[in-house]
Amino acid sequence: MRRLLVVVAHGDDETLGAGATLARLSEAGVRIRLCVLTRDDGSRDPSGGGATDRAGAIEKAAGILGIEEVSVHGYGDNRLDQVGQLELNRAIEAEIRLFGPDTVFTTSLSDLNQDHRLVSSAVRVAARPGRTGVTEIRCVEVRSATDWGEASGLRPAFSPNCWQVVSEKHLERKLAALRAYGGEVEEWPLPRSENGVRVLAAYRGSQVAAPLAEAFEIARVIHD
């Protein structure tokens with residue numbers, strides 16, 4: 001892996017899903033670009049007045065994780081179904097042409113959040129073989145999206161087939177990046193709490209006899 005493009009719907013998906021891995025990869029010299037497709041337009045606030053400028057938080061979190069380039073698009077939060085799949089495909093195709101990644105991380109089709117699923121589908125189309133230099137697509141695990149998709153019974157279960165072992169230092173950088181998002185950090189025992197993040201990292205590590213790890217689904221990999 002030399003050039004990694006991370007494509008997510010929302011600022012914080014990248015941190016929750018792969019923050020410790022991104023910290024480790026950036027430390028190892030992998031060049032990383034983050035593409036966030038939506039802005040915080042207040043759609044989740046019942047009053048409609050909760051819009052915030054999340055671009056600053058995204059930049060701050062990216063800096064903590066060692067992400068060199070950041071692109072934030074202006075689509076509405078939880079409104080990607082109104083955009084159309086073709087437009088999403090083209091937006092991600094443009095990102096791939098610009099950056100030239102060999103690997104793409106994105107969200108999972110298992111997620112309850114519709115934006116996550118639409119982005120995951122668009123990545124698979126935009127990075128199709130023969131059209132780009134992308135040889136690997138990995139899906140990340142986002143708390144309160146992937147796990148809620150499983151619990152709903154409406155989505156297929158997230159089925160990891162790849163584990164990245166991380167250190168305590170990498171996990172601390174993930175938690176520091178998550179703090180950059182302010183109110184997105186929840187209190188324990190909610191899944192997006194700092195302790196919730198630690199518990200998941202310990203659980204995924206235990207699956208591969210390691211203290212800490214992050215889990216991924218490899219959606220596509222091409223060996224030459």
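Pro189 sits in the loop between α6 and α7, the latter spanning 194-207. A cis peptide bond joins Trp188 to Pro189. The omega angle there is about 20°. Keep in mind that this is a predicted model.

Which residues of α6 are buried? They are His170, Leu171, Lys174, Leu175, Ala177 and Leu178. These residues cover an arc of only 160° around the axis, so they lie on the same side of α6. An α-helix has 3.6 residues a turn, so residues three or four places apart point the same way.

As background, strands of a sheet pair through backbone hydrogen bonds, either parallel or antiparallel.

Strand β6 has one covered face, made by Cys162 and Gln164. Trp163 and Val165 make its uncovered face. The neighbour of β6 is β7, and the two pair in the antiparallel sense over four bridges. Cys162 has Phe216 as its bridge partner in β7. Gln164 has Glu214 as its bridge partner in that strand.

Move on to β7, residues 213-221. Four bridges also join β7 to β5, and these two strands run antiparallel. Here the bridge partner of Glu136 is Val221 of β7.

Next comes β5, residues 136-139. Is this strand covered on one face or on both? Both faces are covered. Glu136 and Arg138 are buried on one side, and Ile137 and Cys139 are buried on the other. Strand β4 (residues 103-106) and β5 pair in the parallel sense, over four bridges. Val104 has Ile137 of β5 as its bridge partner.

Thr103 lies in strand β4. Its relative accessibility is 3%, so Thr103 counts as buried, the cut-off being under 20%. The side chain of Thr103 also makes a polar contact with the side chain of Asp102, at 2.8 Å.

Follow the chain into α4. At the start of this helix, a side-chain oxygen of Asn113 reaches to within 2.8 Å of the backbone nitrogen of Asp115. Helix α4 has 13 residues. From its first C-alpha to its last it reaches 18 Å, close to the 18 Å expected at 1.5 Å a residue. The buried residues of α4 are Asp115, His116, Val119, Ser120, Ala122, Val123 and Ala126. Seen down the axis of α4, these fall within an arc of 165°, so they line one face of the helix.

Leu22 is found in helix α1, residues 13-27. Leu22 is buried, with a relative accessible area of 0%. Leu22 and Cys139 are 117 residues apart along the chain, and their C-alpha atoms are separated by 13 Å. Cys139 belongs to the buried set of β5 described above.

Finish with two loop residues. Asn78 has a positive phi of about 60°, although it is not a glycine. Asn78 is placed in the loop between β3 and α3 (85-99). With a relative accessible area of 26%, Asn78 is partly exposed. Ala209 also has a positive phi of about 60° and is not a glycine. Ala209 lies in the loop between α7 and β7. Is Ala209 buried or exposed? At 78% relative accessibility, Ala209 counts as exposed.

Terms used. Residues numbered from 1 in each chain as written. Predicted model: local features only at pLDDT ≥ 70, side-chain atom pairs only at ≥ 80, totals over all residues. Heavy atoms only, no water. Buried < 20%, exposed > 50% of the residue type's maximum accessible area, 1.4 Å probe, protein only. Pairing = 2+ DSSP bridges. Expected span 1.5 Å × (residues − 1). Arc of directions from axis to C-beta. Polar contact = N/O pair within 3.5 Å; in protein donor to acceptor, adjacent residues only side chain to side chain.
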